[in-house]
Amino acid sequence: MAKAAEKIREFRAEAKFQRTSPQKAKLVLDLIKGLRVEQALNTVHFSTKRMAPVVEKVLRSAIQNATYVSQEQGLDVDVDNLYVRTAIANEGPRMKRIRPAPMGRAFRYQRRLAHIIVTVAEKKSATAISAAADAAPAPAAKKGTKKAATKTAAKKPAAKKAAAKKPVAKKAAK
């Protein structure tokens, strides 16, 4: 029972105050969400986006954090079973800047910064999942509970619109 309730360890890495908008960083991060670590590294390495090297560096840091923590705490973490659990880009502080404008005026604009966070976790093997499912008892059905019946809405035929104009025959009689 204790093995079934075992918590999945997550290892994360952050890159703060990166000089890009979070929207542009999310384009790269969405490519690697849910992928195995090896496949995610290949995807980011061959991406043409400007933030790809930064994301690759953060991903490698998260993998190194996983190996370091597993050695320090005596955990059995297999790097081959790691996958990217979450990859997010949060908005950092904005830098306010001024651009010269016509007739001596100035326009303000904002340079956005992003905080990139990548979390990796170990994917459980199929044998471990089936063993955990066998150990956990199936939930028993409660007596006296009824399932809500779903009503199917019958389509009503569309009502024909009455002709607003008078018949053509009367116009011809004038």
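Q: Which residues does T119 touch, not counting residues up to four places away in sequence?

A: In this predicted model, T119 touches E10, F11, R12, Y83, V84, R85 and T86. The residue itself belongs to strand β5.

Q: Why is T119 called buried?

A: The relative accessibility of T119 is 5%. Buried means under 20% relative accessible area, and T119 therefore counts as buried.

Q: What makes A25 buried or exposed?

A: A25, which is placed in helix α1, has a relative accessible area of 0%. The limit for a buried residue is under 20%, so A25 is buried.

Q: With which residues is A25 in contact, leaving aside its neighbours within four places in sequence?

A: The contacts of A25 are T20, M51, A89 and I116. A contact requires heavy atoms within 4.5 Å. For K49, the computed value is a C-alpha separation of 8.8 Å from A25, at 24 residues apart along the chain.

Q: What share of the residues in the protein chain is buried?

A: Of the 174 residues in the protein chain, 26% are buried.

Q: Which residues touch the most other members of the largest nonpolar core?

A: They are L29, I32, L59 and I116, in a core of 27 residues. Two or more residues of this core come from each of β1 (10–18), α1 (22–32), α2 (37–45), α3 (52–73), β2 (82–91) and β5 (114–122). Helix α3 gives the largest share, 7 residues. As for L29, residues up to four places away in sequence are not counted, and the list of those touched is V55, A87, I88, A89, I116 and V118.

Q: What makes β1 and β2 edge strands?

A: The open sheet has 3 strands in the order β1-β5-β2, with antiparallel pairing. Strands β1 and β2 each pair on one side only, and these are the edge strands. From one strand to the next, the twist averages 15 degrees.

Q: Which strands does α3 lie across?

A: Helix α3 lies across β1, β2 and β5, and runs at about 145 degrees to β1.

Q: How many aromatic pairs does the structure hold?

A: There are 0 aromatic pairs in the structure. A pair would need ring centres within 6.5 Å.

Q: What pattern does the protein chain follow along the sequence?

A: The pattern is β-α-α-α-β-β-β-β-α-α, with 5 helices and 5 strands. Among contacts between residues at least 6 apart in sequence, 73% join residues at least 24 apart.

Terms used:
Residues numbered from 1 in each chain as written. Predicted model: local features only at pLDDT ≥ 70, side-chain atom pairs only at ≥ 80, totals over all residues. Heavy atoms only, no water. Phe/Tyr/Trp six-rings, centres within 6.5 Å; stacked < 30°, edge-to-face > 60°. Core = buried A, V, L, I, M, F, W, Y, C linked by side-chain atoms within 4.5 Å. Buried < 20%, exposed > 50% of the residue type's maximum accessible area, 1.4 Å probe, protein only. Helix = DSSP H or I, 4+ residues; strand = E, 2+ residues; numbered from the N terminus. Pairing = 2+ DSSP bridges. Axes fitted to C-alpha atoms, helices over the stretch in contact; angles between N-to-C directions.
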